[in-house]
Amino acid sequence: MPLDSPAAPQILPSVCPHDCPSTCALDVERLDAHRIGRIHGSRANTYTTGVVCAKVARYAERVHHPDRLTQPLRRVGDKGVGRSAFAPITWDQALDEVADAMLKAEARLGAETVFPYFYAGTMGLVQRDGIERLRHVKRYSRQFSTICVTLPDTGWIAGAGAKRGVDSREIAKSDLIVVWGGNPVATQVNLMTHISRARKSRGAKLVVVDPYRTATAEQADVHLAPRPGTDGALAAAVIHVLLAEGMADRAYMARYTDWDDELDAHFAGCTPAWAAGLTGVPAADIVAFARLYGGTKRSFLRAGYGFARARNGAANMHAVSCLPAVSGAWQHEGGGALYGQSAIYPLNRTLIEGLDVRDTSVRIFDQSRLGPILCGDRRDLGEGPPVTALLIQNTNPMVVCPESVKVRDGFARNDLFVCVHEQFMTDTAAMADIVLPATAFLEHDDIYTASGHTHLQVARKVIEPLADCRTNHAVICVLAKRLGASHPGFEMSEWEIIDSTLRASGLGDADSLHAARWRDCALPFETAHFLDGFAHADKRFHFKADWAALGDTAGAMPRLPGYCAVMEAADAEHPFRLVAAPARNFLNTTFTETPSSQSREGRPTVLIHPDACKRLGITDGDRVRLGNRRGTVVVHAREFDGLQPEVVVVESIWPNGAFEEGIGINALTSADPGFPSGGAVFHDTAIWVRPA
Ligand code: SF4
């Protein structure tokens with residue numbers, strides 16, 4: 001449907017698709033059929049409340065960037081060089097070559113040699129997940145999507161039973177907000193809006209638990225900075241104080257949880273002094289925080305992702321999620337906890353993802369282990385064939401995947417065919433044989449759920465696709481034809497799929513939802529607070545997690561909540577623990593191409609405690625090399641006293657080429673799966689630091 005050129009800017013609705021819990025409702029200034037002005041948060045949406053982050057407010061800079069890919073390209077030079085190594089071809093030529101390579105690979109080694117690879121970069125459900133339909137019809141190797149939420153999901157579900165919690169808007173009624181393992185000033189600005197309102201209107205206190213003094217921690221009343229991977233010990237010591245000082249709600253625990261005498265005995269040993277030794281947080285600070293938490297009925301725990309991205313991350317999340325089940329905060333308006341709301345959306349995804357044709361006997365790969373997979377690690381390949389064809393949409397694994405030296409070596413294989421459908425010439429696209437230009441979210445239709453709030457939203461395109469760009473859905477459909485794959489979803493438009501999905505879910509139709517802009521799927525108070533029972537068969541919160549039911553490597557998990565020692569601990573050779581935190585002006589690797597984000601971030605920088613700088617003979621601005629057995633990178637040092645002396649932080653994710661030496665921060669991170677069911681361990685990294 002062509003869009004008319006209006007005489008004056010219009011404001012059109014849209015939804016932010018970026019990989020962020022806020023999934024903001026947007027009001028977009030449309031200047032004409034091809035250009036936008038500023039983007040604003042919708043004031044009508046009670047979660048977005050008129051606020052978006054600065055990087056999306058200036059989105060015109062990204063969607064109209066001169067470096068956007070505009071036509072299909074065939075690589076004619078070396079891998080990894082970039083745009084100059086590619087020559088334009090037509091869409092028909094490109095699609096024929098991609099289909100031919102995939103069919104030949106399949107004929108040679110079987111369907112499992114083809115690995116469609118995707119994630120949550122810049123798209124909603126139809127554009128992001130349609131690649132699954134092609135995978136399942138063709139019986140290509142399946143993907144276990146572990147790179148973001150597997151570990152925190154597992155830890156949360158172990159206790160509460162389902163990934164849902166208290167509505168963020170209830171923060172308006174909170175007297176204490178605990179942001180544990182997140183930096184919403186940088187990564188979820190709307191949460192800060194709600195927190196700021198509670199602080200102004202009712203004097204609510206803000207506590208931040210994070211290994212370094214983030215921009216959010218700077219605004220907090222209290223900041224606790226545990227060593228990475230020790231959050232479970234901190235939570236257990238807080239519970240110890242709640243029990244010892246009579247602040248545990250015994251009546252609530254008896255009615256709603258599996259509490260028993262064994263847990264009393266267990267937590268009696270988790271003293272603040274014990275936890276101080278593990279976490280580095282002074283025992284007095286632990287006691288003070290416990291008294292503040294236990295003494296505030298309306299305490300809202302907002303659990304983030306960061307502290308769970310470790311081998312012991314699920315155990316940490318579970319231990320932290322125990323706090324409101326001891327204090328009884330779940331019972332009170334403005335009290336309880338939220339990690340994510342994914343389970344509240346009653347969306348039937350069969351058509352979008354082709355679940356009706358999925359065969360669970362087909363090989364499945366852990367997406368975080370792409371490096372080992374491409375390097376032929378038999379732990380991943382099993383008895384199956386090597387991966388010889390990759391079709392990639394909506395992610396940039398050359399930069400975001402752990403063990404990026406192996407990822408690069410894998411992509412460098414001459415027997416590997418790679419097609420990347422992208423918006424920019426990313427590090428991954430530069431390794432491709434064929435690059436296809438993709439639309440941005442403002443140029444296509446899609447449907448969106450949110451992790452941080454409760455609105456189901458749809459959006460139609462605001463402007464026409466740039467040049468020859470095609471949607472992810474369109475590319476999957478035309479490829480399916482060439483590959484001999486048939487499914488009703490390949491014959492439908494995006495809007496028809498959205499409409500059918502909503503109808504199959506009992507949620508009305510697409511046009512009605514579009515007219516309303518969103519549907520608030522918030523659960524009733526009793527359910528959101530688990531007062532009608534937690535989401536286990538016995539309706540109780542589980543302090544005693546059934547890890548064996550959640551994963552294959554449960555043997556490493558603690559039987560009772562607390563400290564779990566499985567991590568890449570610092571040692572004499574690797575005395576520092578690295579946190580690879582998100583940078584404020586990037587979002588994964590998105591926005592690394594926009595000049596305003598680049599200039600605000602400066603250059604890859606490591607935050608090092610002044611004591612460590614002194615010991616190493618490093619001063620502000622020096623080049624330093626970070627390394628371990630997986631790789632090394634060179635960055636610049638910044639003295640920073642907002643962390644413990646044995647912890648360093650590199651805010652990223654910078655493109656690999658931004659590093660003066662080395663191939664990106666993920667050269668240092670491990671592709672080991674977390675316990676008990678996998679998940680990327682980005683913040684569980686021991687390194688050495690030396691002057692470069
Ligand atoms: S806060 Fe998150 S969802 Fe909102 S505009 Fe920014 S990136 Fe998008």
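The paragraphs below take these topics in turn.

The model is predicted, so local features need pLDDT of at least 70 and side-chain atom pairs count only at pLDDT 80 or more, while totals for chains, interfaces and linings use all residues. Residues are numbered from 1 along each chain as its sequence is written, and side-chain values use heavy atoms, with hydrogens and water left out.

**Salt bridges**

The whole structure holds 46 salt bridges, each defined as a side-chain nitrogen of Lys or Arg within 4 Å of a carboxyl oxygen of Asp or Glu. The table lists examples among them.

| D264 | R250 | 2.9 Å |

D264 forms its salt bridge with R250, and the pair links distant parts of the chain, with D264 in helix α11 (residues 261–268) and R250 in helix α10 (residues 250–256), 14 residues apart. Helices here are DSSP runs of H or I with at least four residues, strands are runs of E with at least two, and both are numbered from the N terminus.

Accessibility is classed by relative accessible area: buried is under 20%, exposed is over 50%, and partly exposed is in between (1.4 Å probe, protein chains only). D264 is partly exposed at 23%, and R250 is partly exposed at 41%.

E491 lies in the loop between α21 (472–483) and α22 (494–504), and K481 lies in helix α21, so the pair ties together parts that are 10 residues apart in sequence. Both E491 and K481 are exposed.

A network of salt bridges links R311, E568, R577, R629, R630, D672 and D684.

A572 is in the loop between α24 (525–528) and β20 (576–579) and is exposed, with 82% relative accessibility. The C-alpha atoms of A572 and W688 are 9.1 Å apart in space, although the residues are 116 apart in sequence.

**Helices α4 and α22**

The axes of helix α4 (residues 125–138) and α22 come within 12 Å and cross at roughly 85 degrees. Axes are lines fitted to C-alpha atoms, for helices over the stretch in contact, and angles run from 0 to 180 degrees between N-to-C directions. The two helices α4 and α22 are therefore roughly perpendicular, a class that spans 65 to 115 degrees.

V126, Q127 and R133 in α4 meet E494, I497 and I498 in α22, where contact means heavy atoms within 4.5 Å. The residues of this contact between α4 and α22 comprise 3 nonpolar, 1 polar and 2 charged. Ala, Val, Leu, Ile, Met, Phe, Trp, Tyr, Cys and Pro count as nonpolar, Asp, Glu, Lys and Arg as charged, and the others, Gly among them, as polar.

Definitions and conventions:
Parallel < 35°, antiparallel > 145°, perpendicular 65-115°, else oblique.
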